[in-house]
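Reader: I am new to reading models like this one. Could you take me closely through a single part, and then show me what lies around it?

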Amino acid sequence: MANIRILWTDDEIDLLKPHIIFLEHKGYEVHTTTNGQDAVEKVKDEYFDIIFLDENMPGLSGLEALMQIKSIKPNIPVVMITKSEEEDIMDEAIGSKMADYLIKPVNPKQILLSIKKNVEQKRLISQQTTSAYQSEFGRIGMQINDSFTHEEWKEVYRKLIYWELELTASDNSALDEILKMQKSEANQAFGRFIQRNYSDWFGKKSNEKPLFSPDIFRKKVFPLLDQGKKVVVILIDNLRFDQWRIISPFFDEYFVTCEEDLFFSILPTATMYARNAIFAGLMPSEIERLFPSYWINDDEEGNKNQFEQELFETQLQRLGRKEKFYFEKNTGTKSGKRTSESLAMINSAQLSILVYNFIDMISHARTEMEMIRELASDESAYRSITLSWFKHSPLFELLKELSSQKLSIVLLTDHGTIKVSNPVKIIGDRNTNTNLRYKVGKNLNYNSKQIFEVSHPKQIYLPSPNVSSSYVFALNEDFFAYPNNYNYYANYYRNTFQHGGISMEEMMVPVVTLRSKE
């Protein structure tokens, strides 16, 4: 254990000699002062890991000393020790960013527990997390090999994300590589699972298939409306399950989580396919057949998602629903005034749908801008940028306003994203789309062992721009690269976040139902 330095300030410090001896026998270095002013001076000149501070001292009081210490060294944990149990003193101490609060008389075990909680907690959590994941590693490996249903795969993915976040929080990099290898192994098995089952799922009308993109409103939103509830649907483009878990504590402060589920994004896991399917309640080939003016193929010019509101209207009409709804797209640059305007429109509608594209913008910016590459250098940093955006976003401001109303929120996404590392060669003509995780075109040339090939798109309800068009999907951490200038593009796109293909991160995405606490 590193030598932990303690400063203990009490005007009756001589009476605490047994406590000090106890701590010194435990290996701690204890320094003492008898008044608040001396404690402040020591903090100016020396480093301490934790400070114990008597609240009731002559001269500078404990609370006054606490405020001065925090102005000098704001990150030192300070533990207040007092005879008083009055609530206003506790409130004042807590408001002054005190780390802990102990009532006299204190015993040595209380002091030891406070030290471990405030100084050694991170190390102890890291040790426990490492030990727990090492114990769980084998069980997860067996579960990966034994997962044959979509529900079993959802459970595997939840466990992997849980441990990824736990290991990140413990700041222990020793097992990071092992977890990455286990996620990679899981993605390889998941890719085989999708290849075996994806086409069959669209021939089944039973509960054997997962909840897919076109099912979301019918299964998650309309039942709430049928119960007479006011509903706000928030779609955050490109939001992965781990990113949801990172921002979820901010929702917990204002809302109650009723259900946290994962659904399967359709293939390709790209906005024009997955999001249009969500709003239409139809698969892409059905949209193209029934509403050709609302569908723009990959090889055509134009915004591929410009008719989402119109597609949602067709879903309401098809199902005989009469709800008045409000629809808004947000690129992350709204003013406070616009947020107020949105609130007024939401208040006037039984159903509101808000689309936020900011995380998708981060993903694309990371590919194209060196500075964003540095800021989002790995999975943890990518989550951190997501968290920073959310905390300061108009969306969070709007949610705080909405929390005072009696309503339900359904938060979801259209697809996720994966950090790619392995280039796979493919050859296509000039009409082939540019996405790195899937290709659609005719006369595509590739190694069939490295991809998921769909030569008859209609089987999985995808449109065919040409009679001979086929789709190919990248697996695991692969991405497509053309042989021309191969090394340049392979290096340029390696370690970027992409979507469109087959991976747990892209396909298994969150749909969460919340209600206000009011």
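Author: Start with P268. The place of P268 is in the loop between β7 (255-264) and α11. Keep in mind that this is a predicted model. The peptide bond that leads from L267 into P268 is cis. Its omega is near -10°.

Now follow the chain out of that loop. Helix α11 covers residues 271-280. It packs against helix α13, residues 308-318. The angle between the two is about 35°, and their axes lie 7 Å apart. Which residues of α11 and α13 make the contact? From α11 come R275, N276, I278, F279 and A280. From α13 come E308, L311, F312, Q315 and R318. Sorted by class, the residues of this contact are five nonpolar, two polar and three charged.

Next, look at the nonpolar cores. The largest has 80 residues. Y273 is among those with the most contacts inside this core. Take F190 and leave aside its neighbours within four places in sequence. F190 then touches W153, F264, I502, S503, M504, M507 and M508. There is also a second, separate core, with 24 residues. F279 belongs to this second core, and I216, F263 and L316 are also included. Recall that F279 takes part in the contact of α11 with α13.

P105 sits in the loop between β5 (100-103) and α5 (108-118).

N485 is not a glycine, yet its phi is positive, at about 55°. Its loop runs between β17 (478-481) and α19 (486-493). N495 is not a glycine either, and its phi is positive at about 65°. N495 is placed in the loop between α19 and β18 (497-498). Is N495 buried, exposed or partly exposed? N495 counts as partly exposed, because its relative accessibility is 35% and that class runs between 20% and 50%.

S470 is in strand β16, residues 470-474. S470 counts as buried because its relative accessibility is 11%, and the cut-off for buried is under 20%. What touches S470, leaving aside its neighbours within four places in sequence? The contacts are K439, V440, G441, L444, V454, S455 and P457.

Two of those names come back at the cavity: V440 and G441 are in the lining of the largest cavity. How many cavities of 30 Å³ or more does the count give? The count comes to one. The largest cavity has a volume of about 70 Å³. Its lining also includes D298, D299, D429, N431, T432 and K442. P465, N466 and S469 complete the lining. By class, the lining residues are two nonpolar, five polar and four charged. How is such empty space found? Rolling a probe the size of a water molecule over the atoms shows where space is left empty.

Finish with a helix residue. E341 is found in helix α14, residues 336-347. With a relative accessible area of 40%, E341 is partly exposed. E341 and D226 are 115 residues apart along the chain. Their C-alpha atoms are separated by 27 Å.

Conventions:
Residues are numbered from 1 along each chain as its sequence is written. This is a predicted model: local features need pLDDT of at least 70, side-chain atom pairs count only at pLDDT 80 or more; totals for chains, interfaces and linings use all residues. Side-chain values use heavy atoms; hydrogens and water are left out. On a 1 Å grid over the protein atoms alone, a cavity is a set of points where a 1.4 Å probe fits but cannot get out, and a pocket is an open set with protein on both sides within 12 Å along at least five of seven lines; lining residues have an atom within 4 Å of a point. Grid points are joined across faces, edges and corners, and a volume is the space filled by probe spheres set on the points. Ala, Val, Leu, Ile, Met, Phe, Trp, Tyr, Cys and Pro count as nonpolar, Asp, Glu, Lys and Arg as charged, and the others, Gly among them, as polar. Axes are lines fitted to C-alpha atoms, for helices over the stretch in contact, and angles run from 0 to 180 degrees between N-to-C directions. Helices (H or I, at least four residues) and strands (E, at least two) are DSSP runs, numbered from the N terminus. Contact means heavy atoms within 4.5 Å. A nonpolar core is a set of buried Ala, Val, Leu, Ile, Met, Phe, Trp, Tyr and Cys residues joined through side-chain atoms within 4.5 Å. Buried means under 20% relative accessible area, exposed over 50%, partly exposed in between (1.4 Å probe, protein chains only).
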